[in-house]
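Have a go at each task before reading the solution below it.

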Amino acid sequence: MTEQMTIGDRDVLLIVDVQNDFCSGGSLAVPRGDEIVPLVNRLASRFQHVVLTQDWHPFGHHSFASTYPGKKPYDTIELAYGTQVLWPDHCVQGTRGAEFRRDLEVPHAELVLRKGCHREIDSYSAFVENDRKTATGLAGYLRERGFDRVFLAGLAFDFCVRYSAEDAHVAGFGVVVAEEACRGIDVAGSVADTRRALAALRIPCASVSAMECVHQT
Ligand SMILES: [Zn+2]
(Lines give C-alpha, C1' and ligand atoms only; values in the text may rest on other atoms or scores of the structure.)
Protein backbone atom coordinates (compact mmCIF):
# COMPACT_ATOMS: atom_id res chain seq x y z
CA MET A 1 0.00 0.00 0.00
CA THR A 2 1.58 3.26 -1.06
CA GLU A 3 -1.32 5.50 -0.16
CA GLN A 4 -0.47 8.01 2.57
CA MET A 5 -2.46 7.96 5.79
CA THR A 6 -2.98 10.93 7.98
CA ILE A 7 -2.75 10.27 11.69
CA GLY A 8 -4.73 12.48 14.00
CA ASP A 9 -5.58 12.88 17.66
CA ARG A 10 -8.35 10.26 17.58
CA ASP A 11 -5.84 7.63 16.51
CA VAL A 12 -3.88 5.48 18.94
CA LEU A 13 -0.89 3.23 18.35
CA LEU A 14 -0.99 -0.06 20.27
CA ILE A 15 2.53 -1.49 20.62
CA VAL A 16 2.18 -5.16 21.43
CA ASP A 17 4.59 -7.03 23.72
CA VAL A 18 7.99 -5.62 22.70
CA GLN A 19 9.58 -7.45 25.64
CA ASN A 20 12.93 -9.18 26.19
CA ASP A 21 11.51 -12.72 26.17
CA PHE A 22 10.09 -12.20 22.68
CA CYS A 23 13.40 -10.91 21.28
CA SER A 24 16.72 -12.67 20.63
CA GLY A 25 18.10 -14.24 23.78
CA GLY A 26 14.60 -14.44 25.25
CA SER A 27 12.81 -17.63 26.20
CA LEU A 28 10.17 -17.28 23.47
CA ALA A 29 12.15 -15.33 20.89
CA VAL A 30 10.21 -14.37 17.78
CA PRO A 31 12.52 -14.80 14.75
CA ARG A 32 13.98 -11.40 13.82
CA GLY A 33 11.79 -9.81 16.48
CA ASP A 34 14.51 -7.32 17.42
CA GLU A 35 14.48 -5.83 13.93
CA ILE A 36 11.19 -4.07 14.56
CA VAL A 37 12.34 -1.91 17.46
CA PRO A 38 13.77 0.99 15.40
CA LEU A 39 10.68 0.91 13.18
CA VAL A 40 8.35 0.85 16.16
CA ASN A 41 10.21 3.83 17.65
CA ARG A 42 9.90 5.72 14.36
CA LEU A 43 6.23 4.88 14.06
CA ALA A 44 5.52 5.86 17.67
CA SER A 45 7.10 9.27 17.11
CA ARG A 46 4.32 9.95 14.60
CA PHE A 47 1.54 9.32 17.11
CA GLN A 48 0.36 11.67 19.79
CA HIS A 49 -1.23 8.71 21.63
CA VAL A 50 0.49 5.40 22.30
CA VAL A 51 -0.47 2.41 24.46
CA LEU A 52 1.98 -0.39 25.30
CA THR A 53 0.93 -3.94 26.09
CA GLN A 54 3.01 -6.18 28.31
CA ASP A 55 2.57 -9.95 28.58
CA TRP A 56 2.66 -10.44 32.37
CA HIS A 57 2.22 -13.99 33.62
CA PRO A 58 2.32 -15.33 37.17
CA PHE A 59 4.76 -18.19 37.79
CA GLY A 60 3.10 -21.54 36.96
CA HIS A 61 0.82 -20.02 34.34
CA HIS A 62 -1.50 -22.48 32.62
CA SER A 63 -0.05 -21.63 29.19
CA PHE A 64 3.43 -22.83 30.22
CA ALA A 65 4.47 -26.36 29.15
CA SER A 66 6.45 -26.59 32.40
CA THR A 67 3.19 -26.52 34.35
CA TYR A 68 2.26 -30.00 33.03
CA PRO A 69 4.49 -33.04 33.62
CA GLY A 70 5.44 -34.66 30.30
CA LYS A 71 4.38 -31.72 28.11
CA LYS A 72 6.74 -29.85 25.81
CA PRO A 73 6.58 -26.33 24.39
CA TYR A 74 4.29 -26.13 21.33
CA ASP A 75 2.26 -29.17 22.43
CA THR A 76 -1.39 -28.32 22.86
CA ILE A 77 -3.71 -28.99 25.77
CA GLU A 78 -7.44 -28.72 26.31
CA LEU A 79 -8.29 -26.12 28.93
CA ALA A 80 -11.79 -25.18 30.12
CA TYR A 81 -12.02 -22.60 27.30
CA GLY A 82 -10.65 -24.78 24.49
CA THR A 83 -7.33 -25.71 22.90
CA GLN A 84 -4.28 -23.88 24.23
CA VAL A 85 -0.79 -23.95 22.71
CA LEU A 86 1.81 -24.56 25.43
CA TRP A 87 4.75 -22.15 25.47
CA PRO A 88 8.14 -22.04 27.14
CA ASP A 89 7.96 -20.06 30.41
CA HIS A 90 8.03 -16.42 29.34
CA CYS A 91 7.26 -12.92 30.59
CA VAL A 92 6.98 -14.00 34.22
CA GLN A 93 5.94 -11.04 36.39
CA GLY A 94 8.88 -9.08 37.71
CA THR A 95 11.56 -10.90 35.69
CA ARG A 96 14.00 -9.38 33.23
CA GLY A 97 12.34 -11.32 30.40
CA ALA A 98 9.10 -9.49 31.05
CA GLU A 99 10.70 -6.05 30.81
CA PHE A 100 10.36 -3.95 27.70
CA ARG A 101 13.33 -3.91 25.37
CA ARG A 102 15.81 -1.29 26.53
CA ASP A 103 15.96 0.21 23.03
CA LEU A 104 12.18 0.72 22.88
CA GLU A 105 11.92 4.48 23.08
CA VAL A 106 8.33 5.52 23.66
CA PRO A 107 8.45 7.96 26.59
CA HIS A 108 5.10 9.44 25.60
CA ALA A 109 3.17 6.15 25.97
CA GLU A 110 0.07 6.92 28.04
CA LEU A 111 -0.88 3.45 29.27
CA VAL A 112 0.80 0.10 29.89
CA LEU A 113 -1.84 -2.61 29.61
CA ARG A 114 -0.70 -5.84 31.27
CA LYS A 115 -2.32 -9.06 30.10
CA GLY A 116 -2.15 -12.77 30.83
CA CYS A 117 -2.24 -12.04 34.55
CA HIS A 118 -4.86 -14.69 35.38
CA ARG A 119 -3.01 -17.94 36.10
CA GLU A 120 -5.65 -20.10 34.44
CA ILE A 121 -6.33 -18.01 31.31
CA ASP A 122 -3.92 -17.00 28.56
CA SER A 123 -4.46 -13.73 26.73
CA TYR A 124 -3.16 -13.21 23.22
CA SER A 125 -5.48 -10.29 22.68
CA ALA A 126 -5.05 -6.98 24.46
CA PHE A 127 -8.86 -6.74 24.61
CA VAL A 128 -10.34 -10.14 25.52
CA GLU A 129 -8.56 -13.08 27.15
CA ASN A 130 -8.40 -16.54 25.54
CA ASP A 131 -11.61 -17.70 27.23
CA ARG A 132 -13.14 -15.07 24.90
CA LYS A 133 -15.17 -13.71 27.83
CA THR A 134 -12.84 -11.94 30.24
CA ALA A 135 -12.29 -8.35 29.16
CA THR A 136 -9.03 -6.56 29.90
CA GLY A 137 -10.76 -3.16 30.02
CA LEU A 138 -8.82 -1.74 27.08
CA ALA A 139 -11.84 -1.18 24.83
CA GLY A 140 -13.50 0.88 27.57
CA TYR A 141 -10.33 2.91 28.10
CA LEU A 142 -9.96 3.66 24.41
CA ARG A 143 -13.64 4.63 24.11
CA GLU A 144 -13.49 6.92 27.13
CA ARG A 145 -10.45 8.59 25.65
CA GLY A 146 -12.40 9.22 22.44
CA PHE A 147 -10.17 7.21 20.11
CA ASP A 148 -11.77 5.73 17.03
CA ARG A 149 -8.88 4.11 15.17
CA VAL A 150 -6.30 1.65 16.48
CA PHE A 151 -2.98 1.07 14.73
CA LEU A 152 -0.98 -1.99 15.76
CA ALA A 153 2.69 -2.98 15.70
CA GLY A 154 4.74 -5.47 17.71
CA LEU A 155 5.10 -9.16 18.55
CA ALA A 156 4.00 -11.59 17.52
CA PHE A 157 2.17 -10.78 14.30
CA ASP A 158 0.34 -14.12 14.18
CA PHE A 159 -0.72 -14.25 17.84
CA CYS A 160 -1.02 -11.18 20.02
CA VAL A 161 -1.09 -8.64 17.19
CA ARG A 162 -3.61 -10.70 15.20
CA TYR A 163 -6.04 -11.28 18.07
CA SER A 164 -5.74 -7.70 19.28
CA ALA A 165 -6.48 -6.42 15.76
CA GLU A 166 -9.51 -8.69 15.38
CA ASP A 167 -10.89 -7.73 18.78
CA ALA A 168 -10.35 -4.02 18.13
CA HIS A 169 -12.40 -4.48 14.95
CA VAL A 170 -15.15 -6.35 16.85
CA ALA A 171 -15.18 -3.57 19.46
CA GLY A 172 -16.01 -1.11 16.68
CA PHE A 173 -12.68 0.62 16.16
CA GLY A 174 -11.11 1.23 12.78
CA VAL A 175 -7.97 -0.94 12.62
CA VAL A 176 -4.69 -0.73 10.72
CA VAL A 177 -1.81 -3.17 11.17
CA ALA A 178 1.72 -1.94 10.47
CA GLU A 179 2.93 -5.37 9.39
CA GLU A 180 6.38 -4.06 8.57
CA ALA A 181 6.77 -3.30 12.28
CA CYS A 182 5.66 -6.80 13.34
CA ARG A 183 7.28 -10.25 13.23
CA GLY A 184 5.60 -13.65 13.49
CA ILE A 185 6.32 -16.95 15.22
CA ASP A 186 4.73 -18.90 12.32
CA VAL A 187 3.45 -22.05 14.01
CA ALA A 188 1.87 -24.31 11.35
CA GLY A 189 1.29 -21.58 8.78
CA SER A 190 -0.07 -19.06 11.27
CA VAL A 191 1.44 -16.05 9.47
CA ALA A 192 -0.43 -16.86 6.24
CA ASP A 193 -3.59 -17.59 8.27
CA THR A 194 -3.25 -14.18 9.93
CA ARG A 195 -2.93 -12.35 6.61
CA ARG A 196 -6.06 -14.13 5.35
CA ALA A 197 -8.00 -13.42 8.55
CA LEU A 198 -7.11 -9.70 8.50
CA ALA A 199 -7.97 -9.43 4.79
CA ALA A 200 -11.36 -11.08 5.43
CA LEU A 201 -12.12 -8.32 7.96
CA ARG A 202 -10.79 -5.69 5.52
CA ILE A 203 -8.12 -4.69 8.04
CA PRO A 204 -5.34 -3.05 6.01
CA CYS A 205 -1.67 -3.86 6.53
CA ALA A 206 0.07 -0.54 5.89
CA SER A 207 3.76 0.27 5.65
CA VAL A 208 5.35 2.52 8.25
CA SER A 209 6.30 5.07 5.61
CA ALA A 210 2.65 5.32 4.54
CA MET A 211 1.71 6.73 7.92
CA GLU A 212 2.10 10.43 7.83
CA CYS A 213 1.38 12.46 10.91
CA VAL A 214 -0.41 15.76 11.11
CA HIS A 215 1.39 16.40 14.40
CA GLN A 216 4.82 15.95 12.92
CA THR A 217 7.03 19.00 13.25
ZN1 LIG B 1 2.28 -15.11 27.12
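A nonpolar core here is a set of buried Ala, Val, Leu, Ile, Met, Phe, Trp, Tyr and Cys residues joined through C-beta atoms within 7 Å. Keep in mind that the model is predicted.

**Exercise 1.** Find the residues with the most contacts inside the largest nonpolar core, and the elements that contribute to this core.

*Solution.* Start with the core itself: the largest one has 52 residues, and those with the most contacts inside it are Leu 13, Leu 14, Ile 15, Leu 152, Ala 153 and Ala 178. Next, list the elements that give it two or more residues: strands 2, 3, 7 and 8, together with helices 1, 2 and 3. Helix 3 gives the most, with 7 residues.

**Exercise 2.** Work out the strand order of the open sheet and explain what sets its edges apart.

*Solution.* First, the 5 strands run in the order 6-3-2-7-8, with parallel pairing. Strand 6 (111-115) and strand 8 (174-183) each have a single partner strand, so one side of each lacks a neighbour in the sheet. On average, neighbouring strands are turned by 20° against each other, direction ignored.

**Exercise 3.** Zoom in on strands 2 and 3, then locate the helix packed on the sheet.

*Solution.* Strand 2 (residues 11-16) pairs in parallel with strand 3 (residues 50-55) over 4 bridges. Within strand 3, Val 50 is the bridge partner of Leu 13.

How values were computed: Residues numbered from 1 in each chain as written. Predicted model: local features only at pLDDT ≥ 70, side-chain atom pairs only at ≥ 80, totals over all residues. Pairing = 2+ DSSP bridges. Axes fitted to C-alpha atoms, helices over the stretch in contact; angles between N-to-C directions. Contact = placed C-beta atoms within 7 Å. Buried ≥ 20, exposed ≤ 12 C-beta atoms within 10 Å, placed from the backbone.
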